[in-house]
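Here are my notes on this one, written for someone new to reading structures. Have a look at the model first, then go through the points.

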Amino acid sequence: MTVQNPGTTTAVPIPAQSTYQARIADYWNREHNPVNLELGKIDDLYHHHYGIGDADWSVLDETDAERRRELVTAELHRLEHAQAELLATHLGPLTPADRVFDAGCGRGGGSVTAHLRYGCHADGVTISAKQAEFAAEQARARGIDDKVRYHHRNMLDTGLATGAYAASWNNESTMYVELDLLFAEHARLLRRGGRYVVITGCYNDTYGQASREVSLINAHYICDIHPRSEYFRAMARHRLVPAHVEDLTAATIPYWELRKQADHLVTGIEDTFLTAYKNGSFQYLLIVADRV
Ligand code: GPP
Ligand code: MG
């Protein structure tokens, strides 16, 4: 290695700080799955997470093929939005003066959901420049860009203001990062008594190591699903104290059963999720914690 100028350091490129992170940004910059875009189009709430709750199976009875596709798309979107609303419920109570941080915000649906519910300011961060542009355009179109902002940054190193946030969350984005680095950043951003919420897929320590299905999910999204235990260990190390934990595994299975039957939307990962949930190796988990 040649040290050309020992008196200075070279800034690490932000937001992609490693080859891995550059690869993730590349994936999300190219991602155009109909299962995300067709659902989002319905009401301009673009989610990048799965759904919860009982499905209305009658949508499958529709005999007109095109109408059936529309009904199935709308039903999957309803279930995804129900998941976003559940997460938003746990952020509050919040006032319009409060600020929230959406870590790994994707195309922005979660921040808009929180803003619509509480009137709060929101800062969403994504490592994908395309997602950040898309989300910002959505906020402009809604006329809420004065309060809902999206940043092309790394959620481990946001540059946002210390202690400025009343609540923060990760909605299915923790599997892309080391939890210690992530929770250190949430603990820094949250004010004392602030709220942290995570919904995630984690592997079940009771089952043992990651199952074949968990490994297939990792390969599909280029992520690294953590064991359930690691969340609690890492939170404890970063002043995040769990106040509520909910296993959403049973609640998410109808979403996957319905998505599996949506020929116009499937991505090929549906059976793997269903097997992983049903064989007990994988869990869909909500954790709500207080920043102490
Ligand atoms: C959802 O995004 C999934 C992730 C961000 C990563 C993996 C999550 C786990 C719980 C393991 P998406 O809505 O873009 O996925 P899809 O295109 O499959 O709908
Ligand atoms: Mg999706």
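1. Let's start with a pairing: Arg99 has His121 in S2 as its bridge partner. This is a predicted model, where local features need pLDDT of at least 70, side-chain atom pairs count only at pLDDT 80 or more, and totals for chains, interfaces and linings use all residues. Residues are numbered from 1 along each chain as its sequence is written, chains are lettered from A and ligands numbered from 1 in the order in which they are written, and side-chain values use heavy atoms, leaving out hydrogens and water.

2. Strand S1 (residues 99-103) runs parallel to S2, with 5 bridges joining them. Strands pair if DSSP finds at least two bridges between them. Helices (H or I, at least four residues) and strands (E, at least two) are DSSP runs, numbered from the N terminus.

3. S2 also pairs with strand S3 (residues 148-152), again in the parallel sense and over 5 bridges. Here Asp123 sits opposite Arg149 of S3.

4. Is S2 (residues 121-126) buried or exposed? Of its 6 residues, 6 are buried (under 20% relative accessible area, with a 1.4 Å probe and protein chains only). His121, Asp123 and Val125 lie on one side, and Ala122, Gly124 and Thr126 on the other.

5. Now for the helix pair: H2 (residues 34-41) packs against H3 (residues 65-91) at about 90°, with axes 9 Å apart. That makes H2 roughly perpendicular to H3 (65 to 115 degrees).

How values were computed:
Buried < 20%, exposed > 50% of the residue type's maximum accessible area, 1.4 Å probe, protein only. Axes fitted to C-alpha atoms, helices over the stretch in contact; angles between N-to-C directions. Parallel < 35°, antiparallel > 145°, perpendicular 65-115°, else oblique.
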